[in-house]
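My notes follow, in the order I looked things up.

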Amino acid sequence: MLKRILLVALPVGLIALFIAVMLSAAVLKHPLGSDDDVPAWLSRVESHVMAEQWHEALEGAQKLADAFNRVTVRVQFSAQFHDILDLRAAISRAEGFVKAQSRAGAMAELAEAKTLWDRIGSRH
(Lines give C-alpha, C1' and ligand atoms only; values in the text may rest on other atoms or scores of the structure.)
Protein backbone atom coordinates (compact mmCIF):
# COMPACT_ATOMS: atom_id res chain seq x y z
CA MET A 1 0.00 0.00 0.00
CA LEU A 2 2.76 2.47 0.95
CA LYS A 3 4.71 1.52 -2.14
CA ARG A 4 1.69 2.23 -4.33
CA ILE A 5 1.17 5.64 -2.72
CA LEU A 6 4.84 6.53 -3.29
CA LEU A 7 4.64 5.40 -6.92
CA VAL A 8 1.86 7.93 -7.49
CA ALA A 9 2.73 10.71 -5.04
CA LEU A 10 6.41 11.07 -5.94
CA PRO A 11 5.94 11.73 -9.68
CA VAL A 12 2.94 14.00 -9.06
CA GLY A 13 4.88 15.94 -6.41
CA LEU A 14 7.90 16.34 -8.68
CA ILE A 15 5.77 17.52 -11.59
CA ALA A 16 4.03 20.04 -9.31
CA LEU A 17 7.43 21.28 -8.09
CA PHE A 18 8.73 21.70 -11.64
CA ILE A 19 5.59 23.59 -12.69
CA ALA A 20 5.92 25.89 -9.68
CA VAL A 21 9.56 26.65 -10.55
CA MET A 22 8.76 27.29 -14.20
CA LEU A 23 5.97 29.75 -13.33
CA SER A 24 7.80 31.61 -10.56
CA ALA A 25 9.58 34.30 -12.61
CA ALA A 26 6.78 36.83 -12.16
CA VAL A 27 7.16 36.56 -8.39
CA LEU A 28 10.94 36.15 -8.20
CA LYS A 29 11.73 39.21 -10.32
CA HIS A 30 10.32 41.56 -7.67
CA PRO A 31 13.04 43.35 -5.70
CA LEU A 32 14.16 42.02 -2.35
CA GLY A 33 15.92 45.30 -1.54
CA SER A 34 16.98 48.56 -3.08
CA ASP A 35 20.10 47.04 -4.64
CA ASP A 36 18.12 44.72 -6.97
CA ASP A 37 15.24 47.01 -7.94
CA VAL A 38 15.61 46.90 -11.72
CA PRO A 39 12.58 49.11 -12.58
CA ALA A 40 13.76 51.80 -10.16
CA TRP A 41 17.27 51.78 -11.65
CA LEU A 42 15.81 51.94 -15.17
CA SER A 43 13.82 55.03 -14.19
CA ARG A 44 16.82 56.65 -12.48
CA VAL A 45 19.09 56.12 -15.47
CA GLU A 46 16.38 57.42 -17.79
CA SER A 47 15.98 60.57 -15.67
CA HIS A 48 19.73 61.20 -15.66
CA VAL A 49 19.94 60.69 -19.43
CA MET A 50 17.04 63.09 -20.04
CA ALA A 51 18.80 65.69 -17.87
CA GLU A 52 22.09 64.89 -19.65
CA GLN A 53 23.80 64.12 -16.34
CA TRP A 54 26.17 61.66 -17.96
CA HIS A 55 28.33 60.79 -14.96
CA GLU A 56 25.29 59.93 -12.82
CA ALA A 57 23.69 58.08 -15.74
CA LEU A 58 26.81 55.95 -16.19
CA GLU A 59 26.94 55.08 -12.50
CA GLY A 60 23.24 54.26 -12.62
CA ALA A 61 23.68 52.06 -15.70
CA GLN A 62 26.41 50.11 -13.93
CA LYS A 63 24.20 49.69 -10.86
CA LEU A 64 21.33 48.66 -13.15
CA ALA A 65 23.53 45.92 -14.62
CA ASP A 66 24.48 44.78 -11.11
CA ALA A 67 20.82 44.75 -10.04
CA PHE A 68 19.85 42.69 -13.08
CA ASN A 69 22.66 40.22 -12.39
CA ARG A 70 21.24 39.70 -8.88
CA VAL A 71 17.75 39.10 -10.26
CA THR A 72 19.05 36.78 -12.97
CA VAL A 73 20.21 34.31 -10.32
CA ARG A 74 16.63 34.05 -9.04
CA VAL A 75 14.79 33.84 -12.37
CA GLN A 76 17.27 31.87 -14.47
CA PHE A 77 15.23 28.64 -14.38
CA SER A 78 11.82 30.22 -14.82
CA ALA A 79 12.40 32.96 -17.43
CA GLN A 80 13.02 32.55 -21.11
CA PHE A 81 16.77 32.42 -21.66
CA HIS A 82 16.64 34.69 -24.72
CA ASP A 83 14.75 37.34 -22.72
CA ILE A 84 17.52 37.35 -20.12
CA LEU A 85 20.21 37.62 -22.79
CA ASP A 86 18.32 40.33 -24.72
CA LEU A 87 17.81 42.39 -21.56
CA ARG A 88 21.47 42.05 -20.59
CA ALA A 89 22.45 43.20 -24.11
CA ALA A 90 20.06 46.17 -23.99
CA ILE A 91 21.52 47.28 -20.65
CA SER A 92 25.05 46.99 -22.04
CA ARG A 93 24.13 48.95 -25.16
CA ALA A 94 22.47 51.63 -23.04
CA GLU A 95 25.65 51.89 -20.98
CA GLY A 96 27.62 52.31 -24.19
CA PHE A 97 25.32 55.07 -25.42
CA VAL A 98 25.64 56.80 -22.06
CA LYS A 99 29.44 56.65 -22.36
CA ALA A 100 29.13 58.16 -25.84
CA GLN A 101 26.72 60.75 -24.41
CA SER A 102 24.07 59.86 -26.97
CA ARG A 103 20.71 60.73 -25.48
CA ALA A 104 18.62 59.23 -28.28
CA GLY A 105 20.47 55.92 -28.33
CA ALA A 106 20.43 55.56 -24.56
CA MET A 107 16.72 56.31 -24.36
CA ALA A 108 15.95 53.80 -27.12
CA GLU A 109 17.89 51.05 -25.34
CA LEU A 110 16.34 51.88 -21.97
CA ALA A 111 12.87 51.68 -23.53
CA GLU A 112 13.75 48.28 -24.98
CA ALA A 113 15.09 47.19 -21.59
CA LYS A 114 11.78 48.19 -19.95
CA THR A 115 9.85 46.17 -22.51
CA LEU A 116 12.07 43.14 -22.01
CA TRP A 117 11.79 43.48 -18.22
CA ASP A 118 8.00 43.43 -18.53
CA ARG A 119 8.20 40.28 -20.67
CA ILE A 120 10.13 38.32 -18.04
CA GLY A 121 7.62 36.25 -16.16
CA SER A 122 4.72 37.06 -18.46
CA ARG A 123 3.06 34.58 -20.77
CA HIS A 124 4.01 36.02 -24.14
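**Starting from V49**

I began with V49: beyond its neighbours within four places in sequence, V49 is in contact (heavy atoms within 4.5 Å) with W54, A57, V98, R103, A106, M107 and L110. This is a predicted model, where local features need pLDDT of at least 70, side-chain atom pairs count only at pLDDT 80 or more, and totals for chains, interfaces and linings use all residues. Residues are numbered from 1 along each chain as its sequence is written, and side-chain values use heavy atoms, with hydrogens and water left out.

**The core**

I then looked up the largest nonpolar core and found 28 residues, with V38, V49, F68, L87 and L110 having the most contacts inside it. Helix 3, helix 4, helix 5 and helix 6 each give two or more residues to this core, and helix 4 gives the most, with 8 residues. A core here is a set of buried Ala, Val, Leu, Ile, Met, Phe, Trp, Tyr and Cys residues joined through side-chain atoms within 4.5 Å. Buried means under 20% relative accessible area, exposed over 50%, and partly exposed in between (1.4 Å probe, protein chains only).

**Helix 6**

Helices are DSSP runs of H or I, at least four residues, numbered from the N terminus. I checked the length of helix 6 (residues 103–119): its 17 residues should span 24 Å at 1.5 Å a residue, and the end C-alpha atoms are 24 Å apart, which agrees. The expected span is 1.5 Å times one less than the number of residues. Its buried residues are G105, A106, M107, E109, L110, A113, L116 and W117, and they pack against helix 3 (38–50), helix 4 (54–75) and helix 5 (81–99). Just after helix 6, I noted that G121 has a positive phi of about 90°.

**Salt bridges**

I counted a salt bridge when a side-chain nitrogen of Lys or Arg is within 4 Å of a carboxyl oxygen of Asp or Glu; the count comes to 8. One of them joins R74 and D36 at 2.7 Å, N to O. R74 lies in helix 4 and D36 in the loop between helix 2 (25–28) and helix 3, so the pair ties together parts that are 38 residues apart in sequence. D36 is buried at 3%, while R74 is partly exposed at 21%.

E112 also bridges to R93, with the closest N and O atoms 3.3 Å apart. E112 is in helix 6 and R93 in helix 5, so this pair links parts 19 residues apart in sequence.
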